Amino acid sequence: MRDKAGIRSQVIETIKRFNLEAPYLLVCEGKADAWFFHRLFEVRKIESFDIDIPLIQKDEGRTGAGSSCFGEYLRGLRTEIQLNPGILKAIIIESDNEADPQVSLEDIRKQIMDVGDYGVPEEPYKLVCCPGNTIT
Amino acid sequence: MEFKYRIGGKEIQTAKAELTEKGLSLGGVKDVVPGVFFGSVFPHGPNTVKRFSDLVKVNKEPSAVKAIQEEFPQVLGISVAENLGTPALFATISGVPEAKIQLDLVSHGISKFFGILLAIIATPKGVLLVDEIGSGLHYSQLVSIWRRFINTAKESENRVQLFASTHSFECIKALGEAVAETPNDLRILHFKRDNGESSVVKFAGEDALCAIKQGFEVR
């Protein structure tokens, strides 16, 4: 039986990199969050999610967590969607509120807007469509 | 089979490849672009020696020699000499004052680097096709070498388009770092085969760069 740290490192390893297989993608701010959701989905037997985290480019002077890289992640994800079309139905972005929930939300909204093509939620927990699509 | 292409913003041209009784025929080609192909197995061929000799004749070899010295400081100089009746490139190597060493025998990576660099310089307004560009090159030098190839290809007197294939994510990651400031220099053509059908998916510019930086599979 592996110890917790062993399982954890293995799970994190399997989180990165993947080919889109599940209809839903949960993009977490960091590894700890991803690990939490991975275990939660495992316990609840939820299998319809891929879980991923944005990679932080340390040499670009970014501070904070992966939340600053959601835009870059979503832009890069378009290549994965192009290579595996018709699989992904929805993306959930998970991020901490930090000191000010509104500021955090606006920051992520701006990142999504800058990428283009993705729907931009106006408030947390709000499901929105990509331009030209409808929610079914 | 048809190939549609555009040169220098001019109208799209169509070249048709047909299998005839005489063999493969390529019709409809108006503008011919000079091209060089490097296979994945990379012997230092006579063409590379000729390209260097041609540069020497017009006193243009110093920039190429400077480039190899900057990338590989152990190389102090390059010259052409006969080896068993065949002209070959020889390198003066730091710490080996007694003899020059045939470049092929110094290092596969150095030899490959120099061969590609010379081909870029010798094929102005042309196309360079390099199979498995990262093989033989040391991982720690990949970024610098990509930059060197790209900057040399972009120089106004060269204007060469470089097509390179690789199966190495390390090599692609280094390419991403090399074009981080100029993502529009980057195009990734991903070849895939599903149920016997081949297709190409193109990623370009900032999207391609972000995919590389975020570790998505683009090979």
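**View 1. The second largest pocket, with a volume of about 1400 Å³.** This view comes from a predicted model, in which local features need pLDDT of at least 70 and side-chain atom pairs count only at pLDDT 80 or more, while totals for chains, interfaces and linings use all residues. Residues are numbered from 1 along each chain as its sequence is written, chains are lettered from A and ligands numbered from 1 in the order in which they are written, and side-chain values use heavy atoms, with hydrogens and water left out. The pocket has 40 lining residues, and the closest to its centre are Ile91(A), Ile92(A), Ile93(A), Lys126(A) and Leu127(A). Two or more lining residues come from each of α3, β3 (90-94) and α4 (101-115) of chain A. Of the elements, α4(A) gives the most, with 7 residues. Sorted by class, the lining holds 23 nonpolar, 9 polar and 8 charged residues. A pocket is an open set of points on a 1 Å grid over the protein atoms alone, with protein on both sides within 12 Å along at least five of seven lines; lining residues have an atom within 4 Å of a point. Grid points are joined across faces, edges and corners, and the volume is the space filled by probe spheres set on the points. Ala, Val, Leu, Ile, Met, Phe, Trp, Tyr, Cys and Pro count as nonpolar, Asp, Glu, Lys and Arg as charged, and the others, Gly among them, as polar.

**View 2. The largest cavity, with a volume of about 30 Å³.** The search of the whole structure finds 1 cavity of 30 Å³ or more. A cavity is a set of grid points where a 1.4 Å probe fits but cannot get out. Ile133(B), Leu137(B), Leu142(B), Ile145(B), Trp146(B), Phe149(B) and Cys171(B) line the largest cavity. Helix α5 (residues 142-154) of chain B supplies the largest share of this lining, 4 residues.

**View 3. Helix α7 (residues 205-213) of chain B and what covers it.** Helices (H or I, at least four residues) and strands (E, at least two) are DSSP runs, numbered from the N terminus. In α7(B), 8 of the 9 residues are buried, so the helix is largely enclosed by the rest of the structure. Buried means under 20% relative accessible area, exposed over 50%, and partly exposed in between (1.4 Å probe, protein chains only). The buried residues are Gly205(B), Asp207(B), Ala208(B), Leu209(B), Cys210(B), Ala211(B), Ile212(B) and Lys213(B). Their cover includes α3 (70-83) of chain A as well as α6 (169-178), β10 (187-194) and β11 (197-204) of chain B. After α7(B) comes Gly215(B), whose phi is positive, near 75 degrees.

**View 4. Aromatic pairs in chains A and B.** Over all chains, the search finds 8 aromatic pairs. Phe37(A) and Phe41(A) form a tilted pair, 6.1 Å centre to centre with 55 degrees between the planes. Rings of Phe, Tyr and Trp (its six-membered ring) pair if their centres lie within 6.5 Å; planes under 30 degrees apart count as stacked, over 60 as edge-to-face and the rest as tilted. Because they are 4 residues apart in helix α2 (residues 31-43) of chain A, Phe37(A) and Phe41(A) are separated by about one helical turn. Phe41(A) counts as buried, at 11% relative accessibility. Another tilted pair joins Phe52(B) and Phe114(B), 5.7 Å centre to centre and 55 degrees between the planes. Phe52(B) lies in helix α1 (residues 46-57) and Phe114(B) in helix α4 (residues 108-122) of chain B, so this pair ties together parts that are 62 residues apart in sequence. Both Phe52(B) and Phe114(B) are buried. In chain A, ring pairs link Tyr24(A), Phe36(A), Phe37(A), Phe41(A) and Phe49(A) into a cluster.

View 5. Ala64(B) is buried, with a relative accessible area of 0%. Its contacts (heavy atoms within 4.5 Å), leaving aside neighbours within four places in sequence, are with Leu55(B), Phe114(B), Leu117(B), Leu118(B) and Ile121(B).

**View 6. Confidence along chain A.** The mean pLDDT (the predictor's confidence in each residue, from 0 to 100) of chain A is 81, and 79% of its residues reach 70 or more. Confidence in this chain is lowest in helix α1 (residues 4-15), at a mean of 46, and highest in β3(A), at 94.
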